Amino acid sequence: HFDLSLNALKEMTKVFTSEFAVRSFFLHNEKKTLKFMKECSLDLDPHVRRWASEGSRPLLPWGQKLQCFVEKPEATWSILETLKNDPSEYVRKSVANHVNDHSKNHPEYVIEKLLIWHHKKNKSNELTWVIKHSRRSLIKKGFQKAFLLHGVEDAQIKVLDEKILTKKVRLGEKLKVNVRLKNLSKKKTLVIIDHELHLLKANGLHSIKVFKGKKINIGEGEVVTLEMLIPLKAVTTRVYYFGEQRWSIKINGISGKPICFELTC
């Protein structure tokens, strides 16, 4: 009972959520379900509007992957266009997560779409918030065009020095690093500083995890020295292996040379 069931899910999502259950309907009849969800994106109830975005996310955590939307990001984009300025933060957060899903497989497509949103006249604070939370994977992966969304253009930043101040760190403590930067451009420049940790795996190789650092403005010709702390705490989603790890600075998406440190128990 396809139509009856979809409408039942619409009512149920108002009191808990139907974001997982509706995915089977997309797999059974993508076109019909997508049409229904587009109508839901115009609903008066924020729970239903949020469902339109969250239920059609291609990579919903703990949910069935929707390969049809992984391959065709444009299929759900009209839902995101409808909801990008939604008055409910609950809805806007889903839109940002949905866009972030698409960015993992179609970065160029998403960047171009976000740049259109970014340059819209009289853009709202709501839209600014959505753009900021949509671009996080793009920034972590260092896509240069994505930095335009931050206002970073033609930054000429030279790393004069970079070093680790704590060569041995115990799990639960913080890695302390020091970086000296110079702005070679002839204007004040926004600089986005992130950290790459090359973490040791069970097979002896290293995998890169990007940690957020900070954003600073550096004046014309100015030299700045920054001392930063990176927490190395145990989390359920990551296994640490003791031994040699590496750290590298990431300036406006460009990675520096890795430097070794030791993680101990």
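Which residue in β9 is the bridge partner of Glu244? The legends below lead to that pair and to several other close-ups. This is a predicted model, in which local features need pLDDT of at least 70, side-chain atom pairs count only at pLDDT 80 or more, and totals for chains, interfaces and linings use all residues. Residues are numbered from 1 along each chain as its sequence is written, and side-chain values use heavy atoms, with hydrogens and water left out.

View 1. Strands here are DSSP runs of E with at least two residues, helices are runs of H or I with at least four, and both are numbered from the N terminus. Buried means under 20% relative accessible area, exposed over 50%, and partly exposed in between, using a 1.4 Å probe and protein chains only. Two strands pair if DSSP finds at least two bridges between them. β7 runs antiparallel to strand β4 (residues 189-200), joined by 6 bridges, and here Leu197 stands opposite Trp247 in β7. With strand β9 (residues 259-264), β7 forms 5 bridges, again in the antiparallel sense. The partner of Glu244 in β9 is Glu262.

**View 2. The hairpin of β7 and β8.** Strand β8 (residues 254-255) is antiparallel to β7 and joined to it by 2 bridges. Look for Lys250, whose bridge partner in β8 is Ser255. The hairpin has 2 residues between the strands, and Asn252 takes a positive phi near 50°.

**View 3. Helices α3 and α4.** Two packed helices are described by the angle between their axes and the distance between the axes. Helix α3 (residues 30-40) packs with helix α4 (residues 46-54) at about 140°, and their axes are 8 Å apart. Axes are lines fitted to C-alpha atoms, for helices over the stretch in contact, and angles run from 0 to 180 degrees between N-to-C directions. Phe36, Met37 and Cys40 of α3 meet Val48, Arg49, Trp51 and Ala52 of α4; contact means heavy atoms within 4.5 Å. The residues of this contact divide into 6 nonpolar, no polar and 1 charged. Ala, Val, Leu, Ile, Met, Phe, Trp, Tyr, Cys and Pro count as nonpolar, Asp, Glu, Lys and Arg as charged, and the others, Gly among them, as polar.

**View 4. Two nonpolar cores.** A nonpolar core is a set of buried Ala, Val, Leu, Ile, Met, Phe, Trp, Tyr and Cys residues joined through side-chain atoms within 4.5 Å. The largest one has 40 residues, of which Val22, Trp51, Val99, Leu114 and Trp117 touch the most other members. Not counting residues up to four places away in sequence, Trp51 touches several residues, including Leu6, Leu9, Val22, Phe36 and Met37. A second, separate core of 26 residues includes Val191, Tyr240, Ile251 and Leu263.

**View 5. Asn178 in strand β3.** Asn178 sits in strand β3 (residues 174-183). Is Asn178 buried or exposed? Asn178 is buried, with a relative accessible area of 12%. Leaving aside neighbours within four places in sequence, Asn178 is in contact with residues including Asp161, Leu165 and Glu227.
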